[in-house]
Amino acid sequence: MPKKKLRFALAGNANVGKSVIFNQLTGLHQHIGNWPGKTVEKAEGTLHFKGYVIDIIDLPGIYSLSTFSLEELITREYIATENPDLVINVVDASVLERNLFFTLQLIELEAPLIIALNQMDMAEKKGIKIDCGKLEKILGVPVVPTVAIKGKGIYDLLNRAIEVIEKKEIKPVTIKYGEEIEKRIRQLIEALKGLQLKYPIRWVAIKLLEEDEQVEREIEKLNPKILKLAEKLARELEKIHGHPCPTVITSERYEAAGRIAREVQQILPHIKPSISERIHSLTTHRIAGYLILALVVLGIFQTIFSFGDYTSELLSDLLYGLEPLFKQILGSGFLEEIIWGGLMEGIIANVTIALPYIIPFYLILYTLEDSGYLARIAFLTDTLMHKIGLHGKAFIPIMLGYGCNVPACLGCRIMETERERFLAAFVVTLIPCAARTVVILGLVGAFLGMKWALTLYIINLAIVFLLGRLAFKILPGEPTALIMEMPDYRIPHLETIIKQTWFRLKEFLEISFPLIIVSSIIIKLVEIYGLLKPLSQALSPVTVSWLGLPEITGVTLIFGILRKELTLIMLAALLGTTNFQSVLTPLQMFVFTLVVMLYVPCIATIAACTKEFGWKKAFAITIIEISFAILVGGLANRFLATFNLLEH
Amino acid sequence: MEVPLTALKRGESGIITSIRASSRWGRCWGWGFQKRLVDMGLTPGTKVTMIKSAPFNGPIEILVRGYRLVLGRGMAKRIFVEVQRCPRRSSGSP
């Protein structure tokens, strides 16, 4: 007998333990991707339960169903038009009022609903007692108490969900607004009757009063007269209440949520601050907070890079150890060159750069996020990040960019809007990573002195600020500003963190592997067919005339796309010496390093950007940064030569 | 007395009277900005309590509807509140 298929969606605020519930339900049957054409993550999984095959989709964590962010739009489109069999609304029992505000919106959207009242343990610690039966009765929606991180209530939740579907017993109540609003909703419903709507009619009427842009556009297509009516009614409400109409409606909805919360919960005043609260005040303290932050950042660097360097070297030794074997089997010739020099070198680049750094990075990032410390970092660093047009949440990705741009780019997804994510990633790709540091210190630092190496870093910082601000001005959309819930500290759920890391790593490798291997083979082919010299010659107007570098550097810059430190290694190989002083003038060294520091991040970073933002934006970043590097390099060349600051 | 939210001292509470979207930021800071704040529960008439503000003119942390919310300073300045007197002193006055 074929199994019956069902589709469940998980919806709820951020920080309510939604991803833990998702992981508890789906185990290892997960697929992480993006929503079609969007940069918002889409996590899907399957589960077998009582003869059903249930597809579970984890909707983004959001606070409302308006059109503020992509996440909110995606969520309501999914619920309204894809018609999942059931929406599991994960509710944080310790912040009931704000969570119910979201629940009420799901009810208005007439979603088939069941509530997982999660984090009951945290609510209890805060002295909050909730009467689930009463809540169920008031909302007309089944309520199941859960403590997801301990696996409590998950089975009940599924059981109840199936029961609800089989009996079709959900009858949510209608949330009533004040009579003056209800009257106008009725008027709009009357006007909307007979139109082909993809959303529930009452919801459309309410959204029209809320001046929801997307709904307005849809109705304008059907009957523009209704918009006029809605606007007239909205102005009337504004006159009565003295606030903008969207605010009036939201206020009433919050009032309803507050009323329900007060009816079902009992709050015992707690006497002494909990441990979580004490850690909170310490980690946001004006002095201690920054000290702890500095220690944490140092600790993260230490962990990621000592682990990364060690593993990277180990893997590299291991893989390069295979070289003689390959040579033996393939002999030396075209095949060997392509397979070893192209394919294997590509794989090695991928394995030694990506894996050792990305795994610990993801583990740490998700631990920081799940525990709640990330929010404290954002709180402390917001002012600094505003200087480059970003806000506090961008601090961690940008700091980590100094280690490796790849995980830093992937980490930009903790930002809320697409614009913020892209801005942060753009800034990240300008940060000199460890590989670029090798070139800066190995060439300029070693031969011109630390003063000049430091100059490069200062130039870089200035450029980050300048370009960051510029991109902030140019990119369309809402300016960035921090609006963030400060979640209570909690012990992160290890299993969820490991799974989150694993599935995201898998997704990254699916994109980066082909890209790195293909480009590695292409470069090898160029080399085999003796195109390196012609290519260098073709580049000479840029490298020689504009940048004042030897012609051969053109090749090294091309190889640098694979791995930035290759520029230095190849330079030594092609010039036949590591004593760069004898073959390059100080000015050439400085300009060369400046260009290496600024031009496209390596292919792995481009892969990370492609994964996060699509190839168009990744390509745009690449082109912008190549042109910018050439521009700055050439200007530096002329400036330094004119003022004779460096021997040339 | 009506003051911007940022003027509240640590531990002081106020009732939100209005959110003033500034024209300095152009259309961007209009609808979306206000909607986002009210969606987070900062509706007129709501009580908010100042918990702390980050150094260097950083964001502020407030208590609203039973949870802690962090707001960038630029945004918090556009939210106006009626300061609530301390309970002890207010017992005599209306």
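**Close-up 1. Buried residues of helix α26 in chain A of this predicted model.**

**Close-up 2. Helix α26 packed with helix α28 in chain A.** Two packed helices are described by the angle between their axes and the distance between the axes. Here, α26 (residues 586–598) and α28 (residues 615–642) of chain A have axes 8 Å apart, at an angle of about 160 degrees. Angles over 145 degrees count as roughly antiparallel, so α26(A) and α28(A) are roughly antiparallel to each other. Their crossing is right-handed. On the α26(A) side, the residues to look for are A:L587, A:F590, A:V591, A:L594, A:V595 and A:L598. They meet A:E625, A:F628, A:A629, A:I630, A:V632, A:G633, A:A636, A:N637, A:L640 and A:A641 in α28(A). Sorted by class, this contact has 13 nonpolar, two polar and one charged residues.

**Close-up 3. A:Y63 and its contacts in chains A and B.** You will find A:Y63 in the loop between β4 (52–61) and α2 (70–81) of chain A. Is this residue buried or exposed? A:Y63 has 23 C-beta neighbours inside 10 Å, so it counts as buried. Leaving out residues up to four places away in sequence, A:Y63 touches A:N13 and A:F102, along with B:D39 and B:M40. For a sense of scale, A:I359 is 296 residues from A:Y63 in sequence, and their C-alpha atoms are 30 Å apart in space.

**Close-up 4. The side of chain A that touches chain B.** Contacts between the two chains involve 30 residues of chain A and 31 residues of chain B. On the chain A side, the elements giving two or more residues are α3 (96–108), α11 (245–264), α16 (373–386) and β10 (483–485). Which element gives the most? That is α11(A), with five residues. By class, the chain A side has 15 nonpolar, nine polar and six charged residues.

Methods
Residues are numbered from 1 along each chain as its sequence is written. Chains are lettered from A and ligands numbered from 1 in the order in which they are written. This is a predicted model: local features need pLDDT of at least 70, side-chain atom pairs count only at pLDDT 80 or more; totals for chains, interfaces and linings use all residues. Axes are lines fitted to C-alpha atoms, for helices over the stretch in contact, and angles run from 0 to 180 degrees between N-to-C directions. Helices (H or I, at least four residues) and strands (E, at least two) are DSSP runs, numbered from the N terminus. Angles under 35 degrees count as roughly parallel, over 145 as roughly antiparallel, 65 to 115 as roughly perpendicular and the rest as oblique. A crossing is left-handed if the near helix is turned anticlockwise from the far one by less than a right angle, and right-handed if clockwise. Two residues are in contact if their C-beta atoms, placed from the backbone, lie within 7 Å. Ala, Val, Leu, Ile, Met, Phe, Trp, Tyr, Cys and Pro count as nonpolar, Asp, Glu, Lys and Arg as charged, and the others, Gly among them, as polar. A residue is buried if 20 or more other C-beta atoms lie within 10 Å of its own, exposed if 12 or fewer, and partly exposed in between; C-beta atoms are placed from the backbone.
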